[in-house]
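Please keep the sequence and the structure open while reading.

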Amino acid sequence: MSQAARRILKPELGGSVPGGLEELTEEELSGFASMLRIAKRRQSEELETAVDEALEIVPRLLRRPVRKILFG
Amino acid sequence: MKGYLSPAVEVRRLARLIGADPEDLVYFERLEGQAIRDLRDQVTVAMFDADRQLLQRVAVATKLVPAKLGAVIGERAFGALLCARITGLLDPSRAVDISKHLPVTFLADLCLHLDPRRASRVIGEMPPDTVAAIAAQLVAGEEYIAMGGFVGHLSKAALLAALDAVDDESLLRTAYVIEAKQNISALVALLPDERLANIIATASGADLWAEALDVLAHVTERQRGALGDLAAAQDDEVLDSMVRAALRDDLWSEVLPVIRAMSPESRERFATLKSIQARPVLATIMDAAAEDSLWAELLVLLPLLPITARRQVATLATAFNRETFEQIIGAAHEEELWPGLIAFATELDKGPRREIAKLIDDSDPDVLQSLLTAVHDTSLEANLMAVIRELPATGQRHLGTRIAAAPTELVDALSAAADEAGLKPLSEALTK
């Protein structure tokens, strides 16, 4: 496996970096890593917003147990 | 094309997963499709892991609210993408209950972001009418890649319902991008012959032969033959369009196995098509056979071609080297296609014919034995003599000595044929 791919993608992919990416340049790998980082951040932000909005919709009676499950 | 994953299709899947424009990831198309898919699998895990705890908690909390309210929250607060991430974490029956309260447009949108492998049980429990409605929605949006991911996860009833909801052209386009190609034969098995014949006509009308032939590369040998027969039953215009597409897009490696799998009558129909007999077509067929070692496929087709086309093939074969002829003889032996080989060899120019004669002389005993038996069974002794004639006297004697060890019946028949052909050195060696 390409050392560059492992070095650049591992922080974003976590566990393992698959092989077969040798043909990509460092610049391309970095570009993709950056897109992945942004995608994860966007997903986390959207999820947090969605949870807040969901709590608004949940009837008052259920809000406390739902909140407990969501946030402990 | 077996097991082939299109890099362009895989790039689109990867782009969708991270919400990117496929154009921004176009450099990935330099990679093997499998490498992009492996990366996508890892990205799927990473995207999920990024919010694993909260996603799991949302899934648990969903149990507390009625299905209808769950649907409202899903649609209004979470949206299709996040719902797709959560779907696989839900109890399947719960997910199905919630889906009943969601509009089809939302479900179709959710499907675009769903990783079917992570939500297989949910998909498997989706009611057929819902699946059909979603399929129709996805077709309207030309979302063939998303649809292709679901085959293999749907129940048979749901798959049948979806097939009814999808037109022939969309079905072909979807089959081409099915993620689990091993499911194509099961899908084809669900379609009646009439529909399959219409799909073949559609491949011609919409110029989707590359897609149709890819499907044919992933079905069972029996299905390939049956589909080939259905194709052969179409008008010349349909078959000519396939020949044109094969020539233009280099698809003979996909076409030749289909021709081989057909019934003899269908094969004959293909072989006598005017369009297949043109020299450029024959040249690309020979190139494909050489490139992918499709010699058995070629040997099945060649004897059926009209004489003028066979002569063209013979001329093209003068460019073959010894190694290529060795492969052709190997295919004839392994696939028991000696009559095809002998017919091919007798039409070659002297040089290539001598090469084949020498290879026969140099062949292993079991190869020679199977050739002689096949020649005797099909009464092709005279044709074999036309090939052996190209050997010098010493070669004929050497081969004659080897043949003399065969059963008497074979030796007698070949001896008579050698006499008839005036091959004295061979005849003498056989009668010693």
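In chain B, helix α25 is followed by B:Ser379, whose phi is positive, near 55 degrees; helices here (H or I, at least four residues) and strands (E, at least two) are DSSP runs, numbered from the N terminus. Residues are numbered from 1 along each chain as its sequence is written, while chains are lettered from A and ligands numbered from 1 in the order in which they are written. Because the model is predicted, local features need pLDDT of at least 70 and side-chain atom pairs count only at pLDDT 80 or more, whereas totals for chains, interfaces and linings use all residues.

Helix α25 itself covers residues 365-377 of chain B, and its 13 residues, at 1.5 Å a residue, should span 18 Å, which agrees with the 18 Å between its end C-alpha atoms; the expected span is 1.5 Å times one less than the number of residues. Its buried residues are B:Leu371, B:Leu372, B:Ala374, B:Val375 and B:His376, where buried means that 20 or more other C-beta atoms, placed from the backbone, lie within 10 Å of the residue's own, exposed means 12 or fewer, and partly exposed lies in between. These residues pack against α23, α24, α26, α27 and α28 of chain B.

Chain B as a whole contains 29 helices and zero strands. Its radius of gyration, taken over C-alpha atoms, is compared with a globule rule of 2.2 Å times the number of residues to the power 0.38, and the values, together with those for confidence, are set out below. Confidence is given as pLDDT, the predictor's own value for each residue, from 0 to 100.

| Item | Value |
|---|---|
| Radius of gyration, chain B | 29 Å |
| Box of C-alpha atoms along the principal axes, chain B | roughly 95 × 40 × 40 Å |
| Mean pLDDT, chain B | 93 |
| Mean pLDDT, α29 of chain B (lowest) | 90 |
| Mean pLDDT, α8 of chain B (highest) | 97 |

For the model, ipTM is 0.94 and pTM is 0.84.

Buried residues make up 46% of the 432 residues in chain B. Two residues are in contact if their C-beta atoms, placed from the backbone, lie within 7 Å, and among contacts in chain B between residues at least 6 apart in sequence, 82% join residues at least 24 apart.

In soluble globular proteins, nonpolar side chains tend to be buried together. A nonpolar core is a set of buried Ala, Val, Leu, Ile, Met, Phe, Trp, Tyr and Cys residues joined through C-beta atoms within 7 Å. The largest such core has 137 residues, and those touching the most other members include B:Val131, B:Ala162 and B:Leu341; α4 of chain B gives the largest share of this core, seven residues. A second, separate core of 23 residues includes A:Leu24, A:Leu36, B:Leu25 and B:Ala35.

Where the two chains meet, the contact takes 32 residues from chain B and 30 residues from chain A. On the chain B side, α2, α3 and α4 each supply at least two residues, and α2 gives the most, with ten residues. The residues of that side divide into 21 nonpolar, four polar and seven charged, counting Ala, Val, Leu, Ile, Met, Phe, Trp, Tyr, Cys and Pro as nonpolar, Asp, Glu, Lys and Arg as charged, and the others, Gly among them, as polar.

Finally, B:Thr284 lies in helix α19 of chain B and counts as partly exposed because it has 18 C-beta neighbours inside 10 Å.
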